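Subject: Structure handover

Hello,

Here is the structure I said I would pass on. Please open it first and keep it on screen while reading the notes below.

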Amino acid sequence: MKNSQLQFFDDHPPAADIKTEVLAGLAKPQKTLPAKYFYDERGSQLFEAITTLPEYYLTRTEIRLLKQYGGDIAERVGKGAVLMEYGSGASTKIRLMLEALRPDCYVPMDISRDFLIASSQRLLDDYPWLSIYAGCVDYSQPVELPRSLEQASNKLAFFPGSSMGNFMPEEAQAFLRRVRATIGDDGRFLLGVDLDKDEAILHAAYNDAQGVTAQFNKNVLRHLNRMLSASFDESLFEHQALVNKSQSRVEMHLVSKVDQMVHIAGTTVVLRKGESLHTENSYKYRVESLQWMARQAGFELETYWTDDNQYFALVMLKAV
């Protein structure tokens, strides 16, 4: 598995599949856009900016946990690991993991090809001992690994930042099953989980005073314009984030300011003033519910670490 060069594999969906998925969402009574299309290079940069905002407690809390418990994580995983990150980054979190684990190979997987390559190259520059096998993939779908990775043992999947909360409950369950199949019988899954908490804290985190989250939300329109020759005008939409306590989630929407028509790859979509495009869910979990989900997917909850406020948890799942 050792290789000093950056290698690359591509399992990204073709444009025709993206068009079908987007139009299917826009045909629903509550129109939706897939959250994964926030992430082109600009979207990834905006999200990195969100993680530094004073209202956004998630990243700084998770980083503190990784710093505090990195040694415990490394001791459980052991030497010679293949570290697979769902949603790659060159940020503090993955660097803490690399330094704690010193894995044989790092496998970043992300839907944004440009961001993936740039972040992988920065890590390779900073960690010349590291082997990187980067995958441009849509991890909301089954991922086909190259044979050399598929056969590797001692895989640790890493999914930080509470990103699993973007999936609907049935999608999250299916994702856990896919991760279990990918890491094999001796693998582990380290999962960042945003815990259920006071509504005011959640509202502030997704409606930041600087408006960076609003820019990030609108970036899905800019990205789809480029990918599908769409005609979204982001100035005609308003960012809205609301807490849905009955569903234990924060919802992000883009609300149309006017009656308008949008053209997408030859199809016209009509939007009325006040109608919203539902762009993202962010589910908040309790450890007990996550433990039940893990069991259904072939994992046991080995251990978890949380902060004093119990805002966030790092959860270690072990294949069984």
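In which hand of crossing does helix 3 pass helix 4? The crossing is right-handed; a crossing gets that name if the near helix is turned clockwise from the far one by less than a right angle, and is left-handed if the turn is anticlockwise.

Two points on how to read these notes. This is a predicted model, in which local features need pLDDT of at least 70 and side-chain atom pairs count only at pLDDT 80 or more, while totals for chains, interfaces and linings use all residues. Residues are numbered from 1 along each chain as its sequence is written, and side-chain values use heavy atoms, with hydrogens and water left out.

Helices (H or I, at least four residues) and strands (E, at least two) are DSSP runs, numbered from the N terminus. Helix 3 and helix 4 (residues 92-101) pack at an angle of about 20°, and their axes are 9 Å apart. Axes here are lines fitted to C-alpha atoms, for helices over the stretch in contact, and angles run from 0 to 180 degrees between N-to-C directions. The two helices, helix 3 and helix 4, are therefore roughly parallel to each other. For such labels, angles under 35 degrees count as roughly parallel, over 145 as roughly antiparallel, 65 to 115 as roughly perpendicular and the rest as oblique.

On the helix 3 side, the contact (heavy atoms within 4.5 Å) is made by residues including Glu-62, Ile-63 and Leu-66. On the helix 4 side, Lys-93, Leu-96 and Met-97 are among them. The residues of this contact divide into 9 nonpolar, 3 polar and 3 charged. In this count Ala, Val, Leu, Ile, Met, Phe, Trp, Tyr, Cys and Pro are nonpolar, Asp, Glu, Lys and Arg are charged, and the others, Gly among them, are polar.

Buried means under 20% relative accessible area, exposed means over 50%, and partly exposed is in between (1.4 Å probe, protein chains only). Leaving aside neighbours within four places in sequence, Glu-62 is in contact with Lys-93, Pro-160, Gly-161, Gly-192, Phe-312 and Leu-314.

Helix 4 also packs against helix 5, at an angle of about 40° and with the axes 12 Å apart. Helix 4 and helix 5 are therefore oblique to each other, and their crossing is right-handed. Ile-94, Arg-95 and Leu-98 in helix 4 meet Arg-122, Leu-123 and Asp-126 in helix 5. That contact holds 3 nonpolar, no polar and 3 charged residues.

An open sheet of 8 strands has the order 1-4-3-2-5-6-13-12, with mixed pairing. Strand 1 and strand 12 (299-306) stand at the edges, each with a single partner strand, so one side of each is left without a neighbour in the sheet. The twist averages 20° from one strand to the next. Two strands pair if DSSP finds at least two bridges between them.

Strand 2 (residues 82-86) and strand 5 (residues 155-159) pair in the parallel sense over 4 bridges, and the bridge partner of Val-82 in strand 5 is Lys-155. Helix 3 packs on the sheet, touching strand 5, strand 6 (188-194), strand 12 and strand 13 (312-319). Helix 5 (residues 113-126) packs on the sheet too, touching strand 1, strand 3 and strand 4, and its direction makes about 170° with that of strand 4.

How many residues of strand 4 are buried? In strand 4 (residues 132-137), 6 of its 6 residues are buried. Ile-132, Ala-134 and Cys-136 are on one side, and Tyr-133, Gly-135 and Val-137 on the other. Strand 4 pairs in the parallel sense with strand 1 (residues 6-11) over 6 bridges, where Gln-7 stands opposite Tyr-133. With strand 3 (residues 105-110), strand 4 also pairs in the parallel sense, over 3 bridges; there Asp-110 has Cys-136 as its bridge partner.

An open sheet of 3 strands has the order 7-8-11, with antiparallel pairing. Its edge strands are strand 7 (237-244) and strand 11 (276-283). Strand 7 is joined to strand 8 (residues 249-256) by 8 bridges, and Asn-244 stands opposite Arg-249 in strand 8. Helix 8 (residues 199-206) packs on this sheet, touching strand 7, strand 8 and strand 11.

Regards
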